[in-house]
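Please keep the sequence and the structure at hand while reading the points below.

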Amino acid sequence: MAISMAQALNAAMRDAMQADSSVVVFGEDVGTLGGVFTVTAGLAEEFGEDRCFDTPLAESGIAGFAVGMAMQGFRPVIEMQFDAFAYPAFEQLASHVAKIRNRTRGAVHVPMVIRIPYGGGIGGVEHHSDSSESHYAHIPGLKVVTPATVEDAYSLLREAIDDPDPVVFMEPKKLYWTKSEASMPVRTAGFGQASIRRTGSDITLIAYGTTVPTALEAAEAATEQGLDIEVVDLRTLVPLDDATIVGSVTRTGRCVVVTEANGFAGIGAELVARIQERCFYSLDAPVLRVTGFDVPYPPPLYEHHYLPGVDRILDAVDRLEWEDQSKSA
Amino acid sequence: MSERSAPGRGSGAPHPDAGLEAATKNEVQHLPSDSPVRFVTPDGELAPRAERNGYEFPSEKLLLSAYRAMVVGRRFNTEATALTKMGRLAVYPSSRGQEACQVGGVVVLDERDWLFPTYRDTVALISRGIDPVEALGLLRGDWHCGYDPMATRTAPQCTPLATHMPHAVGLAYAARRRGEDLVAMVYVGDGGTSEGDFHEALNFAAVFNAPVVFLVQNNRYAISVPLSRQSAAPSLAHKGVGYGIRSEQVDGNDAVAVVSVLSDAVAFARTGRGPVLVEAHTYRMDAHTNADPVGRYRDASEAEEWIERDPMTRLEAYLSAAGVLTDSDIKAANDAAEDFATGMRPQLNANPEVHPLEIFDYVFAEPTPQLREQRSQLEAELAQEA
Ligand SMILES: Cc1ncc(C[n+]2csc(CCOP(=O)(O)OP(=O)(O)O)c2C)c(N)n1
């Protein structure tokens with residue numbers, strides 16, 4: 001039976017709660033309602049409101065409360081309802097969640113998962129479509145994870161809950177209803193291992209989360225031009241799998257990084273810098289980025305202009321310097 | 001299940017307060033007394049009974065231990081201030097004048113209780129028995145937190161204002177769920193009460209019936225900003241009322257009153273009746289830190305007025321008059337404080353040992369490949385320097 005990413009995430013929490021009684025799920029509307037995206041559906045019923053509960057509507061309070069609970073040996077999995085509504089909790093994440101292990105020389109650590117539905121493409125009004133992963137990835141002490149497949153959604157969330165460090169778990173809401181025939185439980189690769197979703201010899205497309213399906217689509221479309229494109233899904237941004245990236249780009253010699261987030265000072269910039277530092281002599285062309293524009297995420301009627309789609313990726317592919325002109329359209 | 005119960009308190013393991021009916025809103029007097037609770041006048045005399053607002057006298061034993069800790073605390077404040085002048089501490093936010101609060105919030109705790117202090121609360125740390133050199137870690141700069149929070153049940157001193165407050169609530173709530181009847185005592189300044197996290201923490205504590213005591217040390221200033229610019233409420237204690245939290249205000253320079261009100265608050269929280277907010281009216285006699293030009297925002301005459309209400313002389317006068325404290329006790333306490341200061345001096349005069357590669361050790365449980373690379377880079381640089 002096909003299962004959606006939202007169901008896979010739900011199953012991951014259920015199985016983790018079953019396996020470990022210290023796992024607790026809380027946030028806004030996660031209890032009786034089961035989450036605005038139904039990701040926590042049924043957990044309160046099954047495990048009781050001790051294990052899955054609604055809190056006051058206060059994101060900083062939720063994150064700070066989780067710190068205290070984690071200090072007592074609980075494993076909080078907290079839900080921030082939408083990307084832009086996690087910002088009130090930013091201080092807790094930056095100043096405490098990320099740093100407490102470091103501040104205390106390892107004496108205190110606060111394993112917890114901060115689940116954030118993120119990204120656009122669902123016609124949300126403002127503050128419901130931000131790609132905020134760069135903010136978190138820039139904070140030492142936070143792991144940042146974003147699944148692109150149903151299988152990874154389950155596996156990465158289980159791993160995030162088991163992880164001894166705090167994990168910001170970015171859920172691409174556009175992909176919540178993506179389905180797969182996967183049977184749960186499923187385990188995929190661990191943190192820090194990228195996945196080559198499609199092998200190819202001409203170009204490497206680097207994507208994660210929301211942009212993985214788009215990159216795959218672009219790669220498929222490019223076969224018409226006779227191009228053989230490899231697609232790397234990073235899966236985890238922190239820790240980052242330099243080895244797979246370097247291996248792929250060294251082989252192909254050309255690379256385009258695709259992110260939905262606006263490009264300025266973002267993950268894309270980080271990736272391009274790293275590739276340039278490590279693969280300079282293998283590169284046949286400058287590494288390009290395809291990203292959202294540097295504007296606040298636009299209103300629903302404009303978002304298709306903002307989102308990097310297949311065409312924009314193929315345009316970038318065309319802009320790569322091709323010695324063999326036959327490969328360029 | 002009572003309306004004030006934590007989620008699911010009816011299911012799972014029994015709580016330490018199982019069978020104890022959580023107080024209902026009607027049973028609990030939420031409003032603080034009209035004026036700060038007081039036991040002893042600034043001259044060290046017994047205040048009129050009405051000013052006690054029904055609170056009990058603390059035991060002589062407790063008052064004597066508070067007195068001794070305050071004498072040490074006062075000496076520590078002068079020593080640490082001197083150490084900044086000698087460049088031994090990066091900065092020191094003195095709590096001179098606030099010793100009754102510093103000590104009062106700690107002597108009422110059991111070993112199993114947790115303390116959540118701020119940068120100003122180093123005297124509270126040493127009153128908890130934390131080694132003075134470890135207690136000064138943050139301010140000395142050899143690490144962010146010099147003591148082991150788990151072993152001492154004392155959270156790292158918090159620098160961002162009020163952000164430690166939801167931690168105290170989460171911890172106290174979680175401990176209760178685990179079946180431990182501990183209380184979390186959290187310190188915050190008057191300025192900190194304006195921060196969002198203060199309010200979120202109060203609300204969470206009330207909703208989850210968490211055994212937390214919030215101690216607001218109202219020392220009249222947030223760096224240079226006076227209380228009048230911080231709040232228009234009748235008192236900071238009133239801030240608890242709207243959340244359904246029992247609230248009280250106390251003369252923070254009257255150690256007897258502070259110990260009495262806080263003992264009561266801790267007992268209230270421990271027996272599962274919910275959190276308590278206590279505002280202690282006190283005064284920061286020194287500058288905000290050694291780096292702060294205090295003359296720019298307040299008159300010297302104001303400080304002089306407060307020196308007359310010094311918590312140290314006040315307690316000493318009261319205990320002496322009550323025949324609890326003899327001259328030789330006073331001398332013994334001062335000698336002990338001197339020993340304490342002399343004892344810490346050589347350790348703090350020595351240059352702290354630093355281990356540069358350690359900065360990579362506690363970012364994650366296992367370093368990322370990127371951190372490993374950077375560690376090797378620093379290692380190579382250090383080898384080159386050597
Ligand atoms: C979130 C935050 N904003 C600003 C500061 C800078 N700051 C440090 S102490 C202070 C004043 C705090 O006053 P108060 O809460 O009354 O405590 P006190 O220093 O008087 O003990 C300020 C503004 C800070 N530490 N944290």
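A:Ser195 touches A:Val231, A:Val232, A:Asp233 and A:Arg235, residues up to four places away in sequence not being counted; contact means heavy atoms within 4.5 Å. This residue, A:Ser195, is found in strand 9 (residues 195–198) of chain A. At 17% relative accessibility, A:Ser195 counts as buried; buried means under 20% relative accessible area, exposed over 50% and partly exposed in between, with a 1.4 Å probe and protein chains only. Helices (H or I, at least four residues) and strands (E, at least two) are DSSP runs, numbered from the N terminus.

**Basis of the values**

- This is a predicted model, in which local features need pLDDT of at least 70 and side-chain atom pairs count only at pLDDT 80 or more, while totals for chains, interfaces and linings use all residues.
- Residues are numbered from 1 along each chain as its sequence is written, chains are lettered from A and ligands numbered from 1 in the order in which they are written, and side-chain values use heavy atoms, with hydrogens and water left out.

**Interface of chain A and chain B**

- Chain A gives 47 residues to the contact, and chain B gives 48 residues.
- About 3,900 Å² is buried between the two chains, and carbon and sulfur atoms give 61% of that area; buried area is the accessible area (1.4 Å probe) that two parts lose on being put together, summed over both.
- A:Gln72, A:Arg103 and A:Arg105 supply 19% of the area that chain A buries against chain B, more than any other three residues.
- The rule finds three salt bridges across this interface; a salt bridge is a side-chain nitrogen of Lys or Arg within 4 Å of a carboxyl oxygen of Asp or Glu.
- A:Arg105 and B:Glu358 meet through their side chains in a salt bridge, at 2.7 Å from N to O.
- There are also 20 residue pairs in polar contact across the interface of chain A and chain B, both residues being at pLDDT 80 or more; a polar contact is a pair of N or O atoms within 3.5 Å, where within protein one must be able to donate a hydrogen and the other to accept it, and residues adjacent in sequence count only if both atoms are side-chain atoms.
- On the side of chain A that touches chain B, two or more residues come from each of strand 3 (52–54), helix 3 (59–71), helix 4 (90–97), helix 5 (100–103) and helix 10 (267–279) of chain A.
- Helix 3 of chain A gives the largest share of that side, ten residues.
- By class, the side of chain A that touches chain B has 18 nonpolar, 15 polar and 14 charged residues; Ala, Val, Leu, Ile, Met, Phe, Trp, Tyr, Cys and Pro count as nonpolar, Asp, Glu, Lys and Arg as charged, and the others, Gly among them, as polar.

- A:Asn102 is found in helix 5 of chain A and is buried, with a relative accessible area of 17%.
- Leaving aside neighbours within four places in sequence, A:Asn102 is in contact with B:Trp143, B:His144, B:Ile359, B:Tyr362 and B:Val363.
- Helix 4 of chain A is mostly covered, with six of its eight residues buried: A:Gln92, A:Leu93, A:Ala94, A:Ser95, A:His96 and A:Val97.
- The cover over these buried residues includes helix 3, helix 5, strand 5 (113–118) and helix 6 (133–137) of chain A, together with helix 7 (165–177) and helix 8 (196–207) of chain B.

**Salt bridges within the chains**

- Over all chains, the structure holds 41 salt bridges.
- A:Arg14 forms a salt bridge with A:Glu46, with the closest N and O atoms 2.6 Å apart.
- A:Arg14 lies in helix 1 (residues 5–19) and A:Glu46 in helix 2 (residues 43–47) of chain A, so the pair ties together parts that are 32 residues apart in sequence.
- B:Arg74 and B:Glu99 form a salt bridge, the closest N and O atoms being 2.6 Å apart.
- Because B:Arg74 lies in helix 1 (residues 60–85) and B:Glu99 in helix 2 (residues 99–107) of chain B, this pair ties together parts that are 25 residues apart in sequence.
- Both B:Arg74 and B:Glu99 are buried.

**Ligand surroundings**

- The ligand is surrounded by 15 residues, and the closest are B:Tyr119, B:Arg120, B:Thr159, B:Gly191 and B:Gly192; a residue is near a molecule if one of its heavy atoms lies within 4 Å of it.
- An N or O atom in the side chain of B:Tyr119 is 2.7 Å from an oxygen atom of the ligand.
- For B:Asp190, an N or O atom of the side chain is 3.0 Å from an oxygen atom of the ligand.
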